[in-house]
Amino acid sequence: MTVESTAARKPRRSAGTRKSPSTKPELVQLLTPEGKRVKNAQYDKYVADITPEDLRGLYRDMVLTRRFDAEATSLQRQGELGLWASLLGQEAAQIGSGRALRDDDYVFPTYREHGVAWCRGVDPTNLLGMFRGVNNGGWDPNSNNFQLYTIVIGSQTLHATGYAMGVAKDGADSAVIAYFGDGASSQGDVAESFTFSAVYNAPVVFFCQNNQWAISEPTEKQTRVPLYQRAQGFGFPGVRVDGNDVLACLAVTKWALERARGGEGPTLVEAYTYRMGAHTTSDDPTRYRGDDERAAWEAKDPILRLRQFLESANHADEGFFAELEAESEALGRRVREAVRAMPDPDHFAIFENVYADGHALVDEERAQFAAYQASFADAEGGK
Ligand SMILES: Cc1ncc(C[n+]2csc(CCOP(=O)(O)OP(=O)(O)O)c2C)c(N)n1
Ligand SMILES: [Mg+2]
């Protein structure tokens, strides 16, 4: 139930006021689930100059991201990765928002932002090193203004806020975007980020992918109001966008970034979407949710809806889709080969980057580990 619909039940002051607030659209949508373009007075202008080529580009981004993600899930099942967090279903939220960014903007992701990484130009194979356990991150954050994946839930919103405050102090007009989930919205770090960014008018966009679940906890266990409405209490605007509509996500994020650049401070974007897969490959969602839910969201599939729009508008032909299929296959092959070719790290490398200089505790732990390793050598030698 929304706050609007609660208000709608109250007696109206004037008999002439017919329009119930509950009819106010809560969800910004530019493409219906059937792929039909709908007008939006506030956000149309942010996609007004989009060309058929741009639209095909968004489609390609989503298809290749999904393919990469499926490949990573298979690689985990084959024992090549220790873990994988799939973005299945969230392609539009990530590609739409990712393509709204400028190169000089800075991104603070969680662990599921493979589509945003793709938009930033991070090679997808670099995303896999940490999940294979062969490195601690896999890319230089400053090469693409894309921070390392953050697993401590919500903490990256603080990093983003601090970074955005620095951007403002530098007098730059770039913006910062922090990705987080519905579950993370309950973290103290996120509330603190909202407070600081509002008070200091920081140029940051909080992009919450409400995928309905925080592992096995549904959104109802996180909040009594729609998440986007939280922003109001902190003093900045919040908007809920259809997270399975790539055009709407692009437009709304552009608007929020424009506000940040124009000195208007933070915005909360709630991308209303669905995690179609498991939380990670270690999770079994059949233990806590039914198939009917997934089926309902499959009907709103972000890729299918853009395909329907492209086809009905004659913006893409069979040749385009066939070429993209071949490109997907090639990406899958490249990812498989790259993962298997990743060298194992030196066993002692883990101790090298904890502190810039030496540290007594690290030295002690290194020595303990060396003794442990040596114990195997003794055992083998004694045979
Ligand atoms: C501070 C902290 N607490 C708990 C966890 C364990 N944990 C990992 S993912 C997750 C759920 C996050 O849900 P949400 O924010 O909705 O993001 P989603 O995984 O759905 O993308 C939790 C509780 C963690 N990584 N960090
Ligand atoms: Mg979630």
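Helices (H or I, at least four residues) and strands (E, at least two) here are DSSP runs, numbered from the N terminus. This is a predicted model, where local features need pLDDT of at least 70 and side-chain atom pairs pLDDT 80 or more, while totals for chains, interfaces and linings use all residues. Residues count from 1 along each chain as its sequence is written, chains are lettered from A and ligands numbered from 1 in the order written, and side-chain values use heavy atoms, leaving out hydrogens and water.

Start by selecting residues 60-340. That span is 47% helix and 11% strand, and its end C-alpha atoms sit 26 Å apart.

Next, pick the magnesium ion (ligand 2). Its protein donors (N, O and S atoms within 2.8 Å of the metal; water is not among the atoms, so sites may look incomplete) are Asp182 (OD), Asn211 (OD1) and Trp213 (O), at 2.1 to 2.2 Å. Aspartate 182 is in the loop between β3 (176-181) and α8 (188-199), whereas tryptophan 213 belongs to strand β5 (residues 213-214), 31 residues apart.

Are those two buried or exposed? Buried means under 20% relative accessible area, with a 1.4 Å probe and protein chains only: aspartate 182 comes out at 1% and tryptophan 213 at 9%.

A backbone N or O atom of tryptophan 213 lies 2.8 Å from an oxygen atom of ligand 1. Finish on isoleucine 151, where a backbone N or O atom lies 2.8 Å from a nitrogen atom of ligand 1.

Technical notes. A polar contact is a pair of N or O atoms within 3.5 Å; within protein, one must be able to donate a hydrogen and the other to accept it, and residues adjacent in sequence count only if both atoms are side-chain atoms. Donors are N, O and S atoms within 2.8 Å of the metal (3.2 Å for Na, K and Ca); water is not among the atoms, so sites may look incomplete. Buried means under 20% relative accessible area, exposed over 50%, partly exposed in between (1.4 Å probe, protein chains only).
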